[in-house]
Amino acid sequence: MAIDTRPPNREQATEVWRDQLRQRRATSSAPVTVDRPGHIAADPSRRRFILRSFWTGLGVTIAAGLGLAVDFLYPRNVRGFGGPVPAGHVSDFPRGGAPQQFLSGRFLIANLDPSETRTGGSGGGAGLLALDWKCPHLGCAVPWKSDFNFDNDAGGWYRCPCHMSTYTRSGIRVHGPAPRSMDTMAVEIDEAGNITVQTGQISRGGPDNPERAIEHPLLPA
Ligand code: FES
């Protein structure tokens, strides 16, 4: 068969060009699947798996962090101020003796003598009474002043150094800007006479402070 060596005419050339253009378009709209090392094919199930793994890992990390924070902040065996504070033995507190100060628990504790009838006395209270040393006015520490003379009575008073609020041995306010009597803390005494003050159990001071004193058979009378 004879080969036609004549150059294509204009219509034939146009038709050839259109065929090539159709082929190029068909090729460019096909899904991209390039087989190269390190290339991740666009696979929806794999993408879902990666996303799920990411969110699961993030959730576990956040939950673990929260658990650690709660574990760190949760109070256990709290001792010192805010928890139980040992305050010695009942034999350490002679009846009517000077109140003793406990720095670690921020309180003062005394064995009230009901026979102390002077103005700055026990107010009839009998037994151990723990007073929060924080002044109800602005929070200064209130010391016991055994030689302080107030109202012609030198038998001892609690006297705030900041604004001179003054309190009787049972913490009753008798002078100064404090809005109430000194607050009290719960006292526990075991059978052997060991004392524990619950510094987290604070009651607002009031005229019934003397009645909050705790008696015990081993307490010096
Ligand atoms: S802080 Fe005690 S009187 Fe003001």
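1. Two strands are taken to pair if DSSP finds at least two bridges between them, and helices (H or I, at least four residues) and strands (E, at least two) are DSSP runs that are numbered from the N terminus. On that basis four strands form an open sheet in the order β5-β6-β7-β8, with antiparallel pairing. Its edge strands, each of which pairs on one side only, are β5 (144-145) and β8 (173-175).

2. A word on the source: this is a predicted model, in which local features need pLDDT of at least 70 and side-chain atom pairs count only at pLDDT 80 or more, while totals for chains, interfaces and linings use all residues. Residues are numbered from 1 along each chain as its sequence is written.

3. The protein has two helices and 10 strands, and along the sequence these follow the pattern α-α-β-β-β-β-β-β-β-β-β-β. Contacts are counted where the C-beta atoms of two residues, placed from the backbone, lie within 7 Å; among contacts between residues at least 6 apart in sequence, 57% join residues at least 24 apart.

4. Burial is judged from C-beta atoms placed from the backbone: a residue is buried if 20 or more others lie within 10 Å of its own, exposed if 12 or fewer, and partly exposed in between. Buried residues make up 26% of the 221 residues in the protein.

5. A nonpolar core is here a set of buried Ala, Val, Leu, Ile, Met, Phe, Trp, Tyr and Cys residues joined through C-beta atoms within 7 Å. The largest such core has 30 residues, of which F107, I109, L128, L129, A130 and V197 touch the most other members. Two or more residues each are given to this core by β1 (84-89), β3 (107-112), β4 (127-132), β6 (157-159), β9 (184-189) and β10 (194-203), and the largest share, five residues, comes from β3. Leaving aside neighbours within four places in sequence, F107 is in contact with F102, A130, L131, D132, W133, M185, V197 and T199.

6. Strand β9 pairs in the antiparallel sense with β4 over two bridges, and L131 has T184 of β9 as its bridge partner. Strands β9 and β10 are also antiparallel, paired over six bridges, with V187 bridged to V197 of β10. In the hairpin of β9 and β10, which has four residues between the strands, G193 takes a positive phi near 95°.

7. How many bridges join β5 to β6? Two bridges do so, and the strands run antiparallel; the partner of W144 in β6 is Y158. W144 is also touched by A98, a residue whose contacts include S146 and G156 when residues up to four places away in sequence are not counted. A98 lies in the loop between β1 and β2 (100-102) and counts as partly exposed because it has 14 C-beta neighbours inside 10 Å. The C-alpha atoms of A98 and K145, 47 residues apart along the chain, are separated by 9.1 Å.

8. Most residues other than glycine have a negative phi. R106, in the loop between β2 and β3, has a positive phi of about 60° although it is not a glycine, and it counts as partly exposed because it has 18 C-beta neighbours inside 10 Å. D151, in the loop between β5 and β6, has a positive phi near 55° and is likewise a residue other than glycine; with 11 C-beta neighbours inside 10 Å, D151 counts as exposed.
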